[in-house]
Structures are given as C-alpha cells and as structure tokens.
Amino acid sequence: MSPHVLERIRQLGRVHHVALVVADLERSLGFWRDMLGLPVELVLPIETDRVTIAFLPVGESKVELVMPTDDTTGVARFLAAKGEGFHHVCFEVANLSETLMRLEMDGIELIDSVPRKGAEGPVAFLHPRSCHGVLVELIEAAGGPSWRSLGYPKA
Ligand code: CO
C-alpha cells in the first residue's frame, strides 16, 4: 500500500453512527431500547426532511433510527421498496471540505459536494454507486472548520 493511500485512510475517524430505517419509531425502540438496552439520547422530528430520528449511543458510536413521516422522501421510498433495515454508515472526518475535494478528485461520486448542516454537525453523502452499494455519510468532527462556516453555535 502506498503512503498516499495510507494518508487517506488516516482521514477517517470512528464510525459516528449506523442509520437504520424503521416504519414505526416507537415499535422499533421496543427492540433497540427495551430488548438491547441502548439508552435513547435524542428523539428529533426534522420537519424539513420529513423524518423523525432517534440516536442511541453504543460505545464510541450510535445507532440512528430514521422514520419517514410522509411518503414523499427518498427514505420513505426506500422503506416502501426494501422494508426496514440498514440505510447508511457515517464516518467521522477531521476536515469535511478537504475530504470531499479529495474524494471527488479521485472520481468518487458525491451526493453533497459541499458540507451541509446535519442534526449533529456538518455532513455529506457519497453515492452508493461509488461505494459498492453502500450509502456512506461523512460527518466533520466537532470543532472542525465547517462548524463555524455553517454557523453552528460554538461548543
Ligand atoms: Co446519518
């Protein structure tokens, strides 16, 4: 493996979260919270995305449950077509703009070419076509450069 490649691998931090699409958030908490015992950190309706999400911390990562609140969104179509289950994995990076630029230069198809404001920090998605069928999300670690440019309150 070339040092060039190693350098890039070092840009990825922890798995920030694994997102799962659910049909009914409360029913799914009957498994994730009540059977597996994960604490519920946050339940948050995101009106603009027409979803309600829940974050359940586990180790240095989280499980994110995503429930569509109407049937017009991509997540809703995903649920209708494939049923409940794995939706995307999110990795933490130190500098999201820089990572996106580098990936684009290497021919990776980006869904978001610049960081956008996510519930937990600046995020961007990579297209599953470029990721062997997996929807990959990247989130910038707290305090990174995009936090300020996107107007997050100072931690
Ligand atoms: Co996510």
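Predicted model: local features only at pLDDT ≥ 70, side-chain atom pairs only at ≥ 80, totals over all residues.
Let's start with how the two domains sit together. On the domain 1 side, 14 residues make contact, and they meet twelve residues of domain 2.

How much area is buried between domain 1 and domain 2? About 980 Å², with carbon and sulfur atoms giving 54% of that. As a reminder, interface size is often quoted as the accessible area lost when the parts come together.

Now charges. Between domain 1 and domain 2 the count is one salt bridge. Elsewhere on my list is the pair lysine 62 and glutamate 120. They form a salt bridge, and their closest N and O atoms are 3.2 Å apart.

Next, the surface. Which residues form a nonpolar patch there? Phe31, Met35 and Leu36. Together they show about 330 Å² of accessible area. Take methionine 35 from that group. It lies in the loop between helix H2 (25-32) and strand E2 (42-46). Methionine 35 counts as exposed because its relative accessibility is 62%, and the cut-off for exposed is over 50%.

On to backbone angles. Two residues to look at here. Arginine 50 has a phi near 55°, a positive value in a residue other than glycine. Its place is the loop between E2 and strand E3 (51-58). Is arginine 50 buried, exposed or partly exposed? Partly exposed, because its relative accessible area is 40%. That falls between the limits of 20% and 50%.

Then histidine 132. Its phi is also positive, near 55°, and again this is not a glycine. Look for histidine 132 in the loop between strand E7 (121-126) and strand E8 (135-140). With a relative accessible area of 81%, histidine 132 is exposed.

Last stop: glycine 143. Where is glycine 143? In the loop between E8 and helix H5 (145-149). Glycine 143 counts as exposed, at 67% relative accessibility. Now pair it with isoleucine 108. Along the chain, glycine 143 and isoleucine 108 are 35 residues apart.

To recap: domain 1 and domain 2 bury about 980 Å² between them, with one salt bridge in the count. Arginine 50 and histidine 132 are the positive-phi stops on this tour.

Note on methods:
Residues numbered from 1 in each chain as written. Heavy atoms only, no water. Patch = residues over 30% accessible without salt bridge, like charges linked within 9 Å, V, L, I, M, F, W, Y side chains within 5 Å. Areas by Shrake-Rupley, 256 points an atom, 1.4 Å probe, with all protein chains shown as cover. Salt bridge = Lys/Arg side-chain N within 4 Å of Asp/Glu carboxyl O. Helix = DSSP H or I, 4+ residues; strand = E, 2+ residues; numbered from the N terminus. Buried < 20%, exposed > 50% of the residue type's maximum accessible area, 1.4 Å probe, protein only. Contact = heavy atoms within 4.5 Å. Buried area = accessible area lost by both parts, 1.4 Å probe.
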